[in-house]
Amino acid sequence: MQEIIQYLFSGITTGAIYAVIAVGLSMLYSSTELINFAHGEFVMLGAMAIVTLWVHMALPLPLAFAGAVALGCCMGLLFERLAIRTARTPQPIVLVIITVGASIFLRGVAMIVWGKDPFSVPAFSRHDSIEIAGAALLPQSIWIVGAAVLLAGGIHFFLKKTLTGKAMVACAVNKKAAWLTGIPSEKMGILAFAVSTGSGAVAGIFIAPITMSSYDMGTMLGLKGFCAAMIGGLGSLWGAFAGGILLGVLESLGAGLISSGLKDAIAFILLLLILYICPGGLFSAKEAKRF
Amino acid sequence: MLLRKTTIVVLAILLCLSPAVLLAKPVYKIGGIFSSTGRASFLGDPEKKTMEMMVEKINAAGGIDGHMLQAVIYDSEGDPAKAVSAVNKLIHKDKVLAIIGPSTTPTTLAIVNFVERAQLPLISCAAGVKITSPVKPWVFKTAQSDLLAVAAVYQHIQARGIKKIGIITVANSFGESGKNQLLAQAPDFGLEVVQAESFGAKDTDTTAQLTKIKSAAPEAIVCWGTNPGPAVVAKNVKQLKLDIPLYQSHGVASPKFIELAGDAAEGIILPTGKILVTGLLPEDDVQKKILEDYQVDYQAKYKGNVSGFGGYAFDAVNLLAKALKGSNGDKNKIRRALESMAHHVGATGEFNFSAQDHNGLAPSAFVMVEIKGGTWKLIK
Amino acid sequence: MDDNKKKQWTENTIFLVVILGCGLGVDNTYYLQIMTFIGINTLLALGLNMLMGYAGQVSLGHAAFYGIGAYTTAILSGTYGISPWAALVCAVSCAVFIAFVVGLPTLKLSGYYLGMGTLGFGMIVNILFREWSTVTGGSSGFVGIPMLEAGPVSFMSGRNYFFLVWMVVLVAVLLCRRILSSRMGRALRSIHDGENASLAVGVNTHFLKLQIFMFSAALGAVAGFLYAHFVMFISPESFGFMVSVKMVTMVVIGGMASVWGALLGASLLTLLPEVLHGFAEYEMIIFGLILMVVMIFMPQGLTRGLLDIYEHSRKRDKRHGN
């Protein structure tokens with residue numbers, strides 16, 4: 001029993017990471033119908049930025065946090081302007097390859113800037129692990145879960161309740177119609193990108209203390225994020241959130257109860273099952289559709 | 001910066017004009033394949049730098065029998081296919097006499113057939129046992145086999161009177177080779193592996209695996225991996241309040257590990273080549289002087305700390321240089337010289353190659369260290 | 001139509017002459033081996049091109065079939081000592097069978113979902129290669145794959161292997177063209193242009209997609225077979241996600257829906273790392289940039305893009321002439 005609780009705690013921690021990443025991806029998809037294969041790299045940027053700003057330059061945490069998020073947003077902005085917007089034919093396959101190219105590019109840049117060695121970041125709050133029913137829970141895990149909830153909630157509020165957010169959704173539903181009603185659809189695209197990559201950076205900042213940050217940490221995280229987003233249903237924020245947590249918990253249970261060697265396979269087997277059985281995802285009413 | 005560049009240029013010109021080069025015999029070209037970028041860059045990067053430095057040093061001392069050395073180094077990125085194309089380039093385009101590297105076991109195994117076919121000596125810097133067992137005529141290696149590392153760890157565990165252990169290994173070639181050795185050698189030391197788990201090289205968390213190990217109630221845990229994974233394991237062990245000894249492998253024997261694991265590194269015991277604890281070695285240790293010189297040279301050139309991994313390349317270049325002496329560039333002679341090399345004291349240990357042993361190291365190549373107060377402490 | 005056939009005929013002849021010329025004219029084993037790798041990659045790109053370019057289905061897990069081909073032949077010929085040629089038959093049938101089983105549900109998906117489905121499949125297969133270590137050798141890789149031999153001919157030498165690979169490529173090119181000019185090819189293109197419309201005129205799109213999926217899996221397995229016996233060592237890393245991405249990149253950069261585009265893409269992606277070696281640390285940055293720039297400015301791929309530029313400048317010249 002005690003083990004099961006421990007597996008759940010570990011699962012929720014990793015799951016919350018996947019959830020934050022998936023929420024960022026899902027948010028971008030719901031406002032631009034684009035899947036950003038470089039999203040994992042923005043997570044890496046966030047983590048590396050916090051290493052530089054907080055650990056190396058010893059800025060106060062809130063300032064370093066803001067700086068790292070700002071970096072993520074700015075890079076997203078630049079990325080949208082320079083690579084996505086300029087694409088001659090914005091077909092999905094073309095855009096996918098562009099984002100794949102961008103992910104390789106960003107990894108290369110990070111390798112030059114930060115070197116090849118991994119870095120470690122101290123926990124945000126210096127407490128011992130908390131013991132619940134014989135299972136240990138990390139303070140940083142609570143931070144991560146909190147961040148995930150806040151982020152998903154914040155983006156949800158933004159998209160559903162604010163005018164700008166509603167405009168953004170309108171652009172995704174029908175760009176031309178949105179433009180006709182006077183929504184500056186170009187600006188909305190940029191904004192969506194900045195918010196999405198910024199949230200990726202947030203994910204990076206929060207996981208930096210529990211794991212090691214290096215220039216190549218993003219790829220696997222990004223892929224797991226996709227799985228989570230797909231499981232929950234592309235385009236649905238809470239679906240992505242739930243998908244992330246579910247994925248984390250199942251992985252942890254799988255590693256504990258079945259085999260740790262097959263842990264990574266669990267995510268992808270789950271993904272395939274979801275795609276075969278209910279391709280729209282567990283928590284989304286939308287049908288899977290063509291590009 | 002400008003000044004430094006000018007000095008280098010002037011030096012280069014002087015070097016070109018020096019009589020040694022004017023009368024020079026043809027250069028000896030030696031190849032290098034290292035994973036200087038990619039996942040295994042922590043291995044390849046110091047290896048590449050060391051090789052470049054050593055070649056420079058040998059040339060400054062007049063080369064080998066008057067032949068200057070020229071290093072041709074390619075990056076394998078840890079990718080077997082890239083290593084294969086690099087080895088073909090070295091053999092057929094650059095026409096090198098011998099090759100040093102690659103840094104990892106899969107990349108080495110991928111090129112073994114090509115060097116065997118081309119009959120060209122290869123001195124690998126990778127740890128896997130598969131490389132030199134069974135012995136292949138043209139393939140040597142300088143890195144300690146994980147066979148020896150496991151033996152060193154198990155000896156220490158046995159001496160403590162521990163009977164049951166749990167192991168956790170990284171899911172790549174290093175961890176897998178380690179796992180096989182850990183499982184195979186356990187009975188020899190009267191140990192029982194009660195739980196064997198693995199983790200991904202990029203995993204953010206390993207508490208699930210450790211919880212499973214914990215429930216099997218071992219008396220010690222052995223973790224086999226390379227940075228950064230084992231640092232995560234170390235942190236998680238502390239978080240789960242597992243109060244049993246944690247052993248790590250020589251794969252994390254670098255100051256980087258202490259930096260990454262922070263407080264969680266305290267009390268961890270691991271085997272390492274002597275290079276890590278040069279300062280702590282007794283004065284009569286034969287390797288001490290060599291290690292100190294290497295360290296001074298490396299720091300002067302690259303401003304970074306040496307690692308055991310760079311040491312593999314250090315030994316490989318030195319062994320090759322010795323074998324090249326009097327060989328006149330004949331690959332068969334180089335191979336024979338390597339195979340009969342005895343009592344060569346290097347950074348990794350004392351090499352005694354033979355027709356049956358192309359690794360040539362003894363268990364004494366490892367010392368056990370404990371991390372105390374953020375630094376290494378020699379055990380015994 | 002006749003004109004078209006003639007054109008194809010000349011193209012194929014030129015291709016054959018170039019192969020013979022390269023094989024006999026180039027003496028350096030290094031260059032021969034690079035060209036052999038180009039040949040193997042061309043096979044991969046050709047297969048994927050049929051799927052992506054003509055049937056319009058993205059696959060982000062195609063390295064799995066490449067790996068299945070390589071591992072099947074490695075295990076059968078290395079562990080069990082079966083003749084590699086018999087192993088080839090097994091490798092291809094194994095890949096085709098798996099493609100059938102996986103394709104049946106997966107190809108019902110489309111768009112990003114199909115991409116993710118194939119990606120997941122590729123990852124699972126790769127993890128299997130790694131974890132099933134008693135059979136596959138695990139992440140340290142599989143050692144002991146025998147050399148290919150056909151009676152008195154040994155493929156030990158670089159030149160013989162070069163010819164073997166490129167003859168296979170030639171056959172594959174002919175096969176692809178044959179399929180494309182058949183009724184099936186026309187039906188395929190109709191799927192690419194609009195699946196619903198082709199359904200409406202009575203094309204069994206799902207079955208057709210499945211057939212092409214199996215065909216491209218077979219080509220991948222053949223490529224894997226050739227790779228395994230060429231390098232005589234395989235490890236899971238050679239068939240991972242990044243390899244799948246690289247395959248897609250070859251197809252897209254070379255130009256989708258073009259047989260020669262596959263050749264161009266495969267050549268570029270094989271040669272690029274060789275050329276970029278000099279840039280060492282900056283290799284990734286440059287590779288990423290090239291990928292982005294080509295896709296941004298020539299989304300049809302280099303073949304089409306360069307042709308466009310050429311035609312554009314000719315048109316402009318004409319206008320100036322008038």
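User: Which element gives the largest share of the lining of the largest cavity?

Analyst: This is a predicted model, and it holds eleven cavities of 30 Å³ or more. The elements that give two or more residues to the lining of the largest cavity are α1 (2-32), α9 (218-232) and α10 of chain A, together with α8 (207-215) and α9 (229-239) of chain B. Among the 25 residues that line this cavity, K263(A), K202(B), D203(B), T204(B) and D205(B) lie nearest its centre. The largest share of the lining, four residues, comes from α10(A).

User: How much space lies in the largest cavity?

Analyst: The lining of this cavity is made up of 25 residues, and both chain A and chain B have elements that give two or more residues to it. The space in the largest cavity is about 270 Å³.

User: How are the rings of W238(A) and F241(A) arranged, stacked or edge-to-face?

Analyst: The structure holds 38 aromatic pairs over all chains. In the pair of W238(A) and F241(A), the ring centres are 5.7 Å apart and the planes stand at 70°, which is over the 60 degrees that the class requires, so the pair is edge-to-face.

User: Which parts of chain C does the pair of Y227(C) and F239(C) tie together?

Analyst: The rings of Y227(C) and F239(C) have their centres 6.1 Å apart and their planes at 85°, so this pair is edge-to-face. Because Y227(C) and F239(C) belong to separate parts of chain C, the pair ties together parts that are twelve residues apart in sequence: helix α10 (residues 205-231) and the loop between β4 (233-234) and α11 (241-254).

User: Are Y227(C) and F239(C) buried or exposed?

Analyst: Y227(C) has a relative accessible area of 2%, and F239(C) has a relative accessibility of 1%. Ring pairs link Y227(C) and F239(C) into a cluster, whose members also include F114(B), F37(C) and W85(C). Since both values are under 20%, Y227(C) and F239(C) count as buried.

User: Which ring does the charged end of R335(B) sit over?

Analyst: In another contact of a charge with a ring, K256(B) lies over the face of F119(A), at 4.7 Å from the ring centre. The charged end of R335(B) sits 5.6 Å from the centre of its ring, that of W138(B).

User: Which strands pair with β13(B)?

Analyst: Strand β13 (residues 367-372) of chain B is mostly covered, with five of its six residues buried. In one pairing, which is antiparallel and runs over four bridges, the partner is β10 (residues 269-272) of chain B, where I269(B) has E370(B) as its bridge partner. In another antiparallel pairing over four bridges, the partner is β14 (residues 375-378) of chain B, where L378(B) stands opposite V369(B).

User: Which residue takes a positive phi in the hairpin of β13(B) and β14(B)?

Analyst: This hairpin has two residues between the strands. The residue there that takes a positive phi, near 60°, is G373(B).

Conventions: Residues are numbered from 1 along each chain as its sequence is written. Chains are lettered from A and ligands numbered from 1 in the order in which they are written. This is a predicted model: local features need pLDDT of at least 70, side-chain atom pairs count only at pLDDT 80 or more; totals for chains, interfaces and linings use all residues. Side-chain values use heavy atoms; hydrogens and water are left out. Buried means under 20% relative accessible area, exposed over 50%, partly exposed in between (1.4 Å probe, protein chains only). Two strands pair if DSSP finds at least two bridges between them. Rings of Phe, Tyr and Trp (its six-membered ring) pair if their centres lie within 6.5 Å; planes under 30 degrees apart count as stacked, over 60 as edge-to-face and the rest as tilted. A charge sits over a ring if NZ of Lys or CZ of Arg is within 6 Å of the ring centre and within 35 degrees of the ring normal. On a 1 Å grid over the protein atoms alone, a cavity is a set of points where a 1.4 Å probe fits but cannot get out, and a pocket is an open set with protein on both sides within 12 Å along at least five of seven lines; lining residues have an atom within 4 Å of a point. Grid points are joined across faces, edges and corners, and a volume is the space filled by probe spheres set on the points.
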